Amino acid sequence: MSTETAPTADRVSAPPPAGWEEARARVYAVGLAAALPAVVRSLADADGSTLAEPLTPRTDLPAFPTSSVDGWAVRGSGPWRVVGRVLAGSTPAPLTEDGTTVEIATGAMVPQGATAVLRVEESTTVDGLVSGVPREAPEWREPGEEASAGEELLPAGTPVDPAVIGLAASCGHDTLRVRRVPRAALLVFGDELLTSGPPAAGRVRDALGPAVPGWLRRYGCQVRPSDVVGPVADTLPAHVAAVRAALGTADLVCTTGGTMNGPVDHLHPTLEALGADYVVNTVAVRPGFPMLLARLTDHDGRVRFVAGLPGNPQSAIVALVSLVAPLLAGLQGRAMPVLPHTTLAEAVPGRGDHTHLALVRLDRVAGVARPVRHVGSAMLRGLAGADGFAVIRPGTSGAAGDRVPFVPLPLFPGERVS
């Protein structure tokens, strides 16, 4: 990374605020262009990662004919003389004579030469002879019934969850090629912040240092305790040193506060000193307006990112769902998150020419989204009871009954430790 000389003013000149949807698309594109390299993980260690190549079976599925019931594998017409037993996990001898049968368990390999499988509950056994009428439909699973060897079952970019892991195991895989999990760091800016105890004497408790790592983990990042630093002193040298150190190990550095241009807002000068390029510098969204994403590229081509989150807590979370979530989707090689829609239960005001992200709680019984209270930029009470944000586009307001896009808050942890 070029850090020894400050870039020219033209390089870091701030563009006008980006539209919210434009900003999401832009950061996703740069994240995808810098998608993290593939690594090989055991199935036990792959949960929460992302496929770096399509998932294909190593054999036909099933690989051989398997009985779908407990019963008798028979050859020819009955009654049948019992000549053996087949259990799951064994290779049976062929049935070579008509009028013979072997007892067979569900999942066991059907012996060569069998013409039908008779269900045990539809059979009778007298003097060692089995009688009954097999059903017309075969009672076994044919090779390749589920999939053929080499067939693409899931594309690259699929998030790996327990269902994918189970499918991979059934396909014969012991490992998966997945994208390396992004590593994130958090730098908390602000001399006014306390890290313990109640607010007092003009100082407020830092809520983002304890909370943001959990959100980042839910978006698939690795965040270690040592990756959370702060409060960083409100000086330019301290900011530059902290960001530079964090970039040494992190793919994404999130900062809180300092995104404006006040007397102790040092993030923009820090980015200039480190040779950063703005991907997005401010977004036309409320709350959360002074947010940014910058990119830094090493001489060897390695790309890292700095996400500037506002200091107000709710605004910082808006920045996470607006910029960090699509960036991380790109870095992990996933598809751009598609927003579901919800129906407003009540009116939600617009914010003029800005997109309004309004905190809502989903009423899943009624199938509607209800706005929550206590939603000021500095408040977290409303966020704690919300499921996500209703999107009110610029120049509009939301009326009861309107269908609007919905940005869900991430609900399931994705923490991984390597």
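**View 1. An open sheet of six strands, β7-β4-β6-β5-β9-β8.** In this predicted model, the six strands line up in that order with mixed pairing. At the edges stand β7 (116-119) and β8 (123-126), and each has a single partner strand, so one side of each is left without a neighbour in the sheet. If you look from strand to strand, neighbours are turned by 40° against each other on average, direction ignored.

**View 2. The pairing of β4 with β6.** Here we zoom in on strand β4 (residues 71-75) and strand β6 (residues 100-104), which pair in the antiparallel sense over five bridges. To find your place, look for arginine 75, whose bridge partner in β6 is threonine 100.

**View 3. A second open sheet, β15-β12-β16-β20-β19-β17.** This sheet is also built from six strands, and its pairing is mixed. Its edge strands, β15 (228-232) and β17 (277-281), each pair on one side only. Neighbouring strands in this sheet are turned by 20° against each other on average, again with direction ignored.

**View 4. Strands β16 and β20, with the helices that pack on their sheet.** Strand β16 (residues 252-256) and strand β20 (residues 303-309) run parallel and are joined by five bridges. A handy landmark is valine 253, which stands opposite valine 306 in β20. Helix α1 (residues 20-33) packs on the sheet and touches β17, β19 (292-297) and β20; the direction of α1 makes about 150° with that of β17. Helix α6 (residues 313-331) packs on the sheet too, touching β16, β17, β19 and β20. The direction of α6 makes about 165° with that of β20.

**View 5. Helix α4 and its buried side.** Which residues of α4 are buried? They are His239, Val240, Ala242, Val243, Ala246 and Leu247. These residues cover an arc of only 165° around the axis, which puts them on the same side of α4.

**View 6. The N-terminal cap of α4.** Threonine 235 caps this end of the helix, with a side-chain oxygen 3.2 Å from the backbone nitrogen of alanine 238.

Technical notes. Residues are numbered from 1 along each chain as its sequence is written. This is a predicted model: local features need pLDDT of at least 70, side-chain atom pairs count only at pLDDT 80 or more; totals for chains, interfaces and linings use all residues. Side-chain values use heavy atoms; hydrogens and water are left out. Two strands pair if DSSP finds at least two bridges between them. Helices (H or I, at least four residues) and strands (E, at least two) are DSSP runs, numbered from the N terminus. Axes are lines fitted to C-alpha atoms, for helices over the stretch in contact, and angles run from 0 to 180 degrees between N-to-C directions. Contact means heavy atoms within 4.5 Å. Buried means under 20% relative accessible area, exposed over 50%, partly exposed in between (1.4 Å probe, protein chains only). The arc is that of the directions from the helix axis to the C-beta atoms. A polar contact is a pair of N or O atoms within 3.5 Å; within protein, one must be able to donate a hydrogen and the other to accept it, and residues adjacent in sequence count only if both atoms are side-chain atoms.
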